[in-house]
Amino acid sequence: MSRILSSMLRSALMCGLLGIFFFLGGCQPFLTRPLESPIPVAKPLPVPVASHEFSFDSAREDVVGMLQVITTNKEDTLSDIARRFNLGYEEIVSANPGVDPWLPGEGTEIVIPTQFVLPDAPRKGIVINLAAMRLFYFPKTKDGEPQKVITHPLGIGRVGWRTPEGVTKISSKVENPAWIPTPSIRKEHAENGDLLPAIVPPGPDNPMGTHVLRLAWPKYAIHGTDKPPSIGLRGSHGCLRMYPEDIVRIYNEVPVGTPVCVVNQPRLLGWRSHELYLQAYPILEDDKRDNNKLFIKKLLNVTRSTPKAKLALRRQTKINPALLKEVIQNPRAIAIPITQPNITLQTYLDRTGRVQNILPLNATWDGDMSRQFTAAEVLEMADKEP
């Protein structure tokens, strides 16, 4: 009997131990399972920067601003994005070949060419580069202060009404102007079934906008417009148009007597740090010069002989020939460092910072779309344009 009881006790004890073992074994995964890692939250993209006012060291630098890339919203057109970032129509279209300007589609990446190689001209007063369709204003600075530049896109004279090149000055300023079309302009409009009055009074339909800076050249001026989507296009009779918000600021900043230099430079070279940048714009239709030959001559001079080229190690910098050729053959209005080795234009754009598709901080425009034309309206206007 005692042997039977002893055997039963051993069996019970063994079952108990096995039960404890299996209980602990069943709980072990629960007790030792690591906590699940939280799903990482994507950081918001940076806010875009305004692209109209910069300070720079004029003795060393020729390039201002920064390149940016955004992603379109469903309702965006390139014209809307251009105004948001203070760009002209041709600038943003050139920077984004293959993108439908009026129906880019939601989620499309758009290059924002808000980096600029300054024109090769004296950095005082107003400098206008017709090829870039852009104005650069260099205010006077005190000794010891960095050079400042304010830049805005322009609409320029169309073929047959070309904006002249050369040096002039601001001769007068007029607020709320009336427009007196010349006999030749009235004749042209009449031939297209559009009878113009002798005087168009001030108001929202005045083609000169709200402010005018008259040039010492008769019949030419820098003024606003009642058609903001025309900025960055060749659409005027030779005058220089600005966005309504931009002309107000320039009007207030620029005194009468300010020198104005108008150039036509589709190939721009300039230094920033140890890099040489090239910004190539499409050549205007009526520019008959051999611009590539002129560019090569300028390239040799800029890389070897100028005072800026002799600073630090710049003379030892080598050009990326494949990138140089690519930028010249495909002018996209984008400032590219052609001294960076082993890159293409696309790899450079892939490295460019992405930003939010919102109105930049300190932007010139307030984002009011009430006077901005829709895609359908602009296409209809284009069909009617003579």
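**Reading salt bridges and their exposure**

User: Is E165 buried, exposed or partly exposed, and at what relative accessibility?

Analyst: E165 counts as partly exposed at 40% relative accessibility, a value computed, like the others here, from a predicted model. The label follows because partly exposed covers the range between under 20% for buried and over 50% for exposed. R162, with which E165 forms a salt bridge whose closest N and O atoms are 3.1 Å apart, is likewise partly exposed, at 30%.

User: Which residues do salt bridges with shared partners join into one network?

Analyst: That network consists of E53, K148, R249 and E253, while a search of the whole structure finds 16 salt bridges.

User: Which residue forms a salt bridge with D76, and are D76 and R84 buried or exposed?

Analyst: The partner of D76 is R84, and their closest N and O atoms lie 3.1 Å apart. D76 is buried because its relative accessible area is 4%, and R84, with a relative accessible area of 14%, is buried as well.

User: Where in the chain do K298 and D120 lie, and how many residues separate them?

Analyst: Their side chains meet in a salt bridge at 4.0 Å, N to O, and the pair links distant parts of the chain, 178 residues apart. K298 belongs to helix α6, which spans residues 291-304, whereas D120 sits in the loop between β5 (115-117) and β6 (125-129).

User: Why is D120 classed as exposed?

Analyst: D120 is classed as exposed because its relative accessible area is 52%, and exposed means over 50%.

Key: Residues are numbered from 1 along each chain as its sequence is written. This is a predicted model: local features need pLDDT of at least 70, side-chain atom pairs count only at pLDDT 80 or more; totals for chains, interfaces and linings use all residues. Side-chain values use heavy atoms; hydrogens and water are left out. Buried means under 20% relative accessible area, exposed over 50%, partly exposed in between (1.4 Å probe, protein chains only). Helices (H or I, at least four residues) and strands (E, at least two) are DSSP runs, numbered from the N terminus.
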